Amino acid sequence: MAEREIPEQYLSGYAEILAEVSATGRRLTRDELASRRALGELAAEAGHGLRALVSAHLTAARTAWPRTPGPADDALAAVHQAVDAFAEGYERAQLLAVRQEEAARREFIDDLLYGRSDLGRLAERSERFGLRLSQAHAVAVAQGSDAYDEGAPVPRQVERALIARFGDRSVLLTTKDGRLLCIAPGNQDEVLTYFAKQAHAATDGGRVAIGRPQPGPGGVVQSYEEALNALELADRLGLDEPVLHAADLLVYPVLTRDRQAMADLVVVTLGPLTTARGGAQPLLDTLTAYFDSGCVAAEAARRLSLSVRALTYRLERIRKLTGANPADPAHRYMLQTAVIGARLLDWPAQEI
């Protein structure tokens, strides 16, 4: 593509400066350098390419050269000073524009994820960043051992992988509170799945949660909150899966929707375990392993590094203390629900 012709205004006074410097051998004054920087800023704001601008300066220098009687070194030094000052102004304007764009992007992302902006205005602003909020969107959140900022190596690595695989798919990759976020149209599951794979690897085994697709301008914040809740649940429940889907964890918010009722169930059902020697935690861990292993005693014993006989003794102790038999289907649901509630409420570490 051919470069646009550079207007003469960005070379204003340049030939005159070269002529005078060549004749006198002096260096450019502070005001002359400032004028070059100012013109560089204006040229950058107008969208002209730096390569074409430098070429225009060199062409103008060649045109003025026959009229400069002084030593060539003085003229070349003047060209160097003028072009360097011009480029400095150009780069300063570009850096300012980048920072303003980053600030606008960060403000948009904050408004989008907090849902605190007018939804109509938010939808208008979103198109600037490649999102159409009239569609459903889903959000994936990756969390590693370190906090990640915009422009850091890990987010750039994941972004390059996504672009190489999918190109422009109306996907927004960003960071928030030290986590990596990927916002994608709700019908593009493959994008979020690939993001989860790349983010898990880039964060050295970090965990990724994917919210459900949600419609409309407010859908992004809903999906984002679902993903955050999934990460929190995984921490509380000690889940090992590297990728969590909020749709698979919906039962847990339901169980804790009435926190007081769940707390009562935990205290009434599992409270007697606190009278055991060593406290409630070892027996609670036993129930957790037993239920997580599908109520297979041998597998639960392996997970706890116990003999099957020792595990059986613990289960019998639980039955005597609580009056509920973990092996009895009639009692199992109540016990398992109470165990889940204890993990969600961090009991017995936290008093409820």
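Q: Is F166 buried or exposed?
A: In this predicted model, F166 is buried, with a relative accessible area of 14%. Buried means under 20%, so F166 falls in that class.

Q: How is a pair of aromatic rings described?
A: Two values do it: the distance of the centres and the angle of the planes. Now the case here. The count of aromatic pairs comes to two. F166 and Y194 form an edge-to-face pair, with 5.6 Å centre to centre and 85° between the planes.

Q: Which parts of the chain does this pair link?
A: Distant ones. F166 lies in helix α6 (residues 153-166), and Y194 in helix α7 (residues 189-202). They are 28 residues apart. Y194 is buried too, at a relative accessible area of 16%.

Q: What form does the pair of Y290 and F291 take?
A: That pair is tilted: 5.9 Å centre to centre, 55° between the planes. Y290 is buried at 5% relative accessibility, and F291 is buried at 7%.

Q: What sits over the ring of Y194?
A: The charged end of R165 does, 4.6 Å from the ring centre.

Q: Where do nonpolar side chains tend to be in soluble globular proteins?
A: They tend to be buried together. Here the largest nonpolar core has 54 residues. F108, L112, I183, Y252 and L270 touch the most other members. Helix α8 (residues 219-237) gives the largest share, eight residues.

Q: Which residues does L112 touch?
A: Leaving out residues up to four places away in sequence, L112 touches L122, L131, L133, I183, P217, V220 and V221.

Q: How many residues are in the second, separate core?
A: That core has 24 residues, including L28, L33, V79 and A85.

Terms used: Residues are numbered from 1 along each chain as its sequence is written. This is a predicted model: local features need pLDDT of at least 70, side-chain atom pairs count only at pLDDT 80 or more; totals for chains, interfaces and linings use all residues. Side-chain values use heavy atoms; hydrogens and water are left out. Rings of Phe, Tyr and Trp (its six-membered ring) pair if their centres lie within 6.5 Å; planes under 30 degrees apart count as stacked, over 60 as edge-to-face and the rest as tilted. Helices (H or I, at least four residues) and strands (E, at least two) are DSSP runs, numbered from the N terminus. Buried means under 20% relative accessible area, exposed over 50%, partly exposed in between (1.4 Å probe, protein chains only). A charge sits over a ring if NZ of Lys or CZ of Arg is within 6 Å of the ring centre and within 35 degrees of the ring normal. A nonpolar core is a set of buried Ala, Val, Leu, Ile, Met, Phe, Trp, Tyr and Cys residues joined through side-chain atoms within 4.5 Å. Contact means heavy atoms within 4.5 Å.
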